[in-house]
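Trainee: Could you go through this structure with me, one question at a time, and show how each answer is reached?

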Amino acid sequence: MNRNSLEQQIAHLTQSIRENISKDLIKRGITLTFYQSLVLFRVAEKTPCTAHDVVVTTKKDKAQITRLVNDLIAIGYLDREPNPADKRQLLLTLTAEGQECYEEIRAIRQKISEKMTQGIAPEQQQQMLSWIQVMENNLSH
């Protein structure tokens with residue numbers, strides 16, 4: 001197999017996932033961008049967390065995450081408060097509205113994941129996940 005085609009397929013798959021999530025957000029009347037929904041999703045998965053935690057899990061730059069977090073705070077989906085254990089850090093948590101939105105985003109992501117993996121046996125999905133993790137590790141070193 002041509003390596004460029006593997007890289008291209010992964011890039012196309014990633015773009016297709018983004019497009020499907022964005023379309024479903026619009027269908028459900030959620031006015032967040034893909035990346036705003038990603039940040040909200042990551043905060044919900046690790047609440048409370050810091051903006052740095054979101055930078056690490058999304059692999060996006062700090063300035064971009066700061067803008068997205070500020071947008072989500074302005075919308076009313078996130079709160080930011082001092083960390084009682086370290087006053088220099090600010091912890092991000094979901095508001096009640098943010099939690100409701102997260103539930104919808106989680107459902108969208110689950111539906112897309114199920115659609116994407118239709119016809120692929122669980123063992124094959126696990127093998128694919130292992131290969132992706134190896135490739136990611138290879139690129140990290």
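**Pockets, helices and rings**

Mentor: Let us begin with the second largest pocket of this predicted model, whose lining residues divide into six nonpolar, four polar and three charged. The volume of this second largest pocket is about 270 Å³.

Trainee: Which residues lie nearest the centre of the second largest pocket?

Mentor: The elements that give two or more residues to its lining are α3, α4 (62-75) and β2 (86-94). The lining of the second largest pocket has 13 residues in total, and those nearest the centre are Thr50, Ala51, His52, Lys62 and Leu90.

Trainee: How much space lies in the largest pocket?

Mentor: By class, the lining of the largest pocket holds 17 nonpolar, nine polar and eight charged residues. The space in the largest pocket comes to about 2000 Å³.

Trainee: And which residues are the closest to the centre of the largest pocket?

Mentor: Two or more lining residues come from each of α1 (3-27), α2, α3 (51-58), α5 (96-116) and α6 (122-140). The largest pocket is lined by 34 residues, and the closest to its centre are Ile10, Leu13, Thr14, Ile17 and Ile132.

Trainee: In what order do the elements of the protein run from the N terminus on?

Mentor: The protein has six helices and two strands, and its C-alpha atoms fill a box of roughly 50 × 40 × 25 Å along the principal axes. Read from the N terminus on, the elements run α-α-α-α-β-β-α-α.

Trainee: Turning to helix α2, how far does this helix reach from its first C-alpha to its last?

Mentor: Helix α2 covers residues 34-45, which makes twelve residues. At 1.5 Å a residue, the expected span is 16 Å, and the span found in the model is close to that, at 16 Å.

Trainee: How many residues of α2 are buried?

Mentor: In the protein as a whole, buried residues make up 28% of the 141 residues. The buried residues of α2 are Phe34, Gln36, Ser37, Leu38, Val39, Leu40, Phe41, Val43 and Ala44. Helix α2 is therefore largely enclosed by the rest of the structure, since of its twelve residues the number buried is nine.

Trainee: What kind of aromatic pair do Phe34 and Tyr35 form?

Mentor: A search of the whole structure finds two aromatic pairs. For Phe34 and Tyr35, the ring centres are 5.0 Å apart and the planes stand at 80°. Planes over 60 degrees apart fall in one class, so this pair of Phe34 and Tyr35 is edge-to-face.

Trainee: And what kind of pair do Phe41 and Tyr102 form?

Mentor: Phe41 in helix α2 and Tyr102 in helix α5 are 61 residues apart, so that the pair links distant parts of the chain, and both residues are buried. The charged end of Arg109 also sits over the ring of Phe41, 4.4 Å from its centre. The ring centres of Phe41 and Tyr102 are 5.7 Å apart and their planes are at 45°, so the pair is tilted.

Trainee: Is Lys59 buried or exposed?

Mentor: Lys59 is found in the loop between α3 and α4, and it has a positive phi of about 60° although it is not a glycine. Most residues other than glycine have a negative phi. The relative accessibility of Lys59 is 56%, and the cut-off for the open class is over 50%, so Lys59 counts as exposed.

Trainee: Is the peptide bond from Thr47 to Pro48 cis or trans?

Mentor: Pro48 is found in the loop between α2 and α3. Most peptide bonds are trans. The bond from Thr47 to Pro48 has omega near -10°, and it is cis.

Trainee: How far apart in space are Ile108 and Ile26, C-alpha to C-alpha?

Mentor: Ile108 lies in helix α5 and is buried, with a relative accessible area of 1%. In sequence, Ile108 and Ile26 are 82 residues apart, while in space their C-alpha distance is 11 Å.

Terms used: Residues are numbered from 1 along each chain as its sequence is written. This is a predicted model: local features need pLDDT of at least 70, side-chain atom pairs count only at pLDDT 80 or more; totals for chains, interfaces and linings use all residues. Side-chain values use heavy atoms; hydrogens and water are left out. Helices (H or I, at least four residues) and strands (E, at least two) are DSSP runs, numbered from the N terminus. The expected span of a helix is 1.5 Å times one less than its number of residues. Buried means under 20% relative accessible area, exposed over 50%, partly exposed in between (1.4 Å probe, protein chains only). On a 1 Å grid over the protein atoms alone, a cavity is a set of points where a 1.4 Å probe fits but cannot get out, and a pocket is an open set with protein on both sides within 12 Å along at least five of seven lines; lining residues have an atom within 4 Å of a point. Grid points are joined across faces, edges and corners, and a volume is the space filled by probe spheres set on the points. Ala, Val, Leu, Ile, Met, Phe, Trp, Tyr, Cys and Pro count as nonpolar, Asp, Glu, Lys and Arg as charged, and the others, Gly among them, as polar. Rings of Phe, Tyr and Trp (its six-membered ring) pair if their centres lie within 6.5 Å; planes under 30 degrees apart count as stacked, over 60 as edge-to-face and the rest as tilted. A charge sits over a ring if NZ of Lys or CZ of Arg is within 6 Å of the ring centre and within 35 degrees of the ring normal.
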